[in-house]
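Me: I would like to go through this structure step by step. Could you put it up first, please?

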Amino acid sequence: MTDSFDFHAIQPFLIPSGQSLQQPLHRHPDTVELLLVLEGTVQCTSEGKPTKAPSGTAMTIQAGRWHKQWYPALEQQSGYRLSFAEALPLALPPVFPIEDPKGLESLLVRLYQETTQPKDDSTQMTHYLIGLIFRLLSRSLYSDNFSAYPNFEKTVREIEHYIEENYPITLTLDSIADRFALDKYQLARLFKEYSGISPLQYIISCRLDAAKQLLATTDTSVNSIAATVGYKSDTQFQAAFKKASGLTPRHYRLAHQRKVKF
């Protein structure tokens, strides 16, 4: 697993609360960076796309990608930056949660000691530690336990609130991920972990709930309601509504319509 890449260096970082650091736009043509965040939230813009890595997560920056990073002053930032000369032995997403941050930290501390205070067998020990680190990262990627992603439940609630207020416009996984500076694949997996459905299913749910309210409380045409709640096609709206409720919009209206004074 570890014979296919070349470890370059490990650098710890520690930025006290109240201080900030910003790295200018740059790239490393031949070096892959792996940023392991133990405290704080590191923010990055890579190829024009914003992302953020809160504590307990890892950020991957592929070789040759233009990016800039900044460390906000609101909280202490700490972690380790690893660099490799070739492709990593794992296909890592831009940001992902670490299943065992404390266990990973102990390996990083030992790896840093081996590189700054080398002994006769430090080359072999470094190779061994890197292998353990990637084993741990691999376990994080394929684990069903996402509780290591700190504060994500709060973020999911914020995403739900955003969808509830913006369901009529065109919302995609990409647009939501960009707005909240998250990786779209991790967003989809963790949103479903916390809410039980995917972001796109939640959008549909919000649209159909609003449609039900309009059908029950107004005389607005079905076509107009479809457009109001975000459907460009009346046929698509009719199919989605019947699939979710078991009734056509017209039959739902007949069964539920009531006069409401606003």
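Reply: This is a predicted model.

Me: Which residue is the bridge partner of leucine 21 in β7?

Reply: Leucine 21 is bridged to tyrosine 71 of β7.

Me: What holds strands of a sheet together in general?

Reply: Strands pair through backbone hydrogen bonds, in either a parallel or an antiparallel way.

Me: And what is the order of the strands in the open sheet here?

Reply: The order is β2-β7-β4-β5, an open sheet of four strands with antiparallel pairing. β2 (21–26) and β5 (49–54) are at the edges; each has a single partner strand, so one side of each has no neighbour in the sheet. On average, neighbouring strands of this sheet are turned by 15 degrees against each other, direction ignored.

Me: Take threonine 45 next. Is that residue buried or exposed?

Reply: Threonine 45, which lies in strand β4 (residues 41–46), is buried, because its relative accessible area is 17% and the cut-off for buried is under 20%.

Me: Which residues does threonine 45 touch?

Reply: Leaving aside residues up to four places away in sequence, threonine 45 touches Pro50, Trp66, His67, Lys68 and Trp70.

Me: Now the helices. At what angle do the axes of α3 and α5 cross?

Reply: The axes of helix α3 (residues 152–166) and helix α5 (residues 184–195) cross at roughly 95 degrees and come within 10 Å. The two helices are therefore roughly perpendicular to each other. Residues making the contact include Phe152 and Val156 of α3 and Leu187 and Phe191 of α5. By class, this contact has seven nonpolar, one polar and three charged residues.

Technical notes. Residues are numbered from 1 along each chain as its sequence is written. This is a predicted model: local features need pLDDT of at least 70, side-chain atom pairs count only at pLDDT 80 or more; totals for chains, interfaces and linings use all residues. Side-chain values use heavy atoms; hydrogens and water are left out. Buried means under 20% relative accessible area, exposed over 50%, partly exposed in between (1.4 Å probe, protein chains only). Contact means heavy atoms within 4.5 Å. Axes are lines fitted to C-alpha atoms, for helices over the stretch in contact, and angles run from 0 to 180 degrees between N-to-C directions. Angles under 35 degrees count as roughly parallel, over 145 as roughly antiparallel, 65 to 115 as roughly perpendicular and the rest as oblique. Ala, Val, Leu, Ile, Met, Phe, Trp, Tyr, Cys and Pro count as nonpolar, Asp, Glu, Lys and Arg as charged, and the others, Gly among them, as polar. Two strands pair if DSSP finds at least two bridges between them.
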